[in-house]
Amino acid sequence: MTKRENYETRTEAFLLPLVAEHHFELVDVEYVKEGSNWYLRAYIDKEGGIAVDDCEVISRVLSDWLDKEDFISDSYILEVSSPGLGRPLKKEKDFVRSLGKEVDIKLYRPREKQKDFTGILAEYNKETVTIELEDGSRMVFERPEIALIRLAFDF
């Protein structure tokens, strides 16, 4: 297990009962480097959406636990937030919830001279994701070729 995976796994294990106690959902935990800074991010959600006060409650408890456990060797910035509208589909429950809904898929490499596709999430499994296009045709993508998949949204 990499350092990043270890940090994310330990943090997720601590957060799962905490967010359940508050009737929230733990969407994701990520430990990433952006520029010269490391970030430990926890994304939480609930029916009707997350408020700043909800994030603050979880952040305070998580921050105290992280200070006590002190298992992250790097200097990092802690963030607890809503996953937002651009929430990526990562876990099984994300895909289940999104079946039949419009999704955006971004690929690492172009297919048919494009990297971005939008369609209705029709099927998925561990290896592939299938979307239905406007014309009724279907496209199947191998999971390793997908850089990002998220719910589509219009403004």
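Let me open with two helices: α1 and α2 are oblique to each other. The angle classes are these: under 35 degrees is roughly parallel, over 145 roughly antiparallel, 65 to 115 roughly perpendicular, and the rest oblique. Here α1 and α2 pack at about 140°, so they fall into the oblique class.

A word on the source. This is a predicted model, in which local features need pLDDT of at least 70 and side-chain atom pairs count only at pLDDT 80 or more, while totals for chains, interfaces and linings use all residues. Residues are numbered from 1 along each chain as its sequence is written, and side-chain values use heavy atoms, with hydrogens and water left out.

**The chain overall**

What does the protein chain hold? Three helices and eight strands. Both are DSSP runs, numbered from the N terminus: helices are H or I with at least four residues, strands are E with at least two. Along the sequence the pattern reads α-β-β-α-β-α-β-β-β-β-β. The C-alpha trace spans about 55 × 35 × 30 Å along its principal axes.

How much of the chain is buried? Of its 155 residues, 34% are. Buried is under 20% relative accessible area, exposed is over 50%, and partly exposed lies in between, with a 1.4 Å probe and protein chains only. Now the contacts, meaning heavy atoms within 4.5 Å. Take those between residues at least 6 apart in sequence: 51% of them join residues at least 24 apart.

**The helix pair**

Back to the helices. α1 covers residues 3-21 and α2 covers residues 52-69, and their axes are 11 Å apart. Axes are lines fitted to C-alpha atoms, for helices over the stretch in contact, and angles run from 0 to 180 degrees between N-to-C directions. The crossing of α1 and α2 is right-handed.

Which residues make the contact? From α1 come R10, T11, F14, L15, L18 and V19. From α2 come I58, V61, L62, W65, L66 and E69. They divide into nine nonpolar, one polar and two charged. Nonpolar means Ala, Val, Leu, Ile, Met, Phe, Trp, Tyr, Cys and Pro; charged means Asp, Glu, Lys and Arg; the others, Gly among them, are polar.

**The three-strand sheet**

Next, the sheet under these helices. Three strands form an open sheet in the order β1-β2-β3, with mixed pairing. Two strands pair if DSSP finds at least two bridges between them. β1 and β3 (76-81) are the edge strands, each pairing on one side only. The twist averages 15° from one strand to the next.

β1 (residues 25-34) and β2 (residues 37-45) run antiparallel and are joined by nine bridges. V32 stands opposite Y39 in β2, and E34 opposite N37. Their hairpin has two residues between the strands, and G35 takes a positive phi near 65° there.

β2 and β3 run parallel, with six bridges. A42 faces V80 in β3, and Y43 has S81 as its bridge partner.

Where do the helices sit? α1 lies across β1 and β2, at about 150° to β1. α2 packs on the sheet too, touching β2 and β3, and its direction makes about 145° with that of β3.

V27 is buried, at 4% relative accessible area. Beyond its neighbours within four places in sequence, V27 is in contact with Y43, I44, D45, P83, R87 and K91. P88 is 61 residues away from V27 along the chain, yet their C-alpha atoms are separated by 9.6 Å.

**The five-strand sheet**

Last, the other sheet. Five strands form an open sheet, order β7-β6-β5-β4-β8, paired antiparallel.

Take one pair in detail. β6 (residues 128-132) and β7 pair in the antiparallel sense over five bridges. V129 has F141 as its bridge partner in β7.

How values were computed
A crossing is left-handed if the near helix is turned anticlockwise from the far one by less than a right angle, and right-handed if clockwise.
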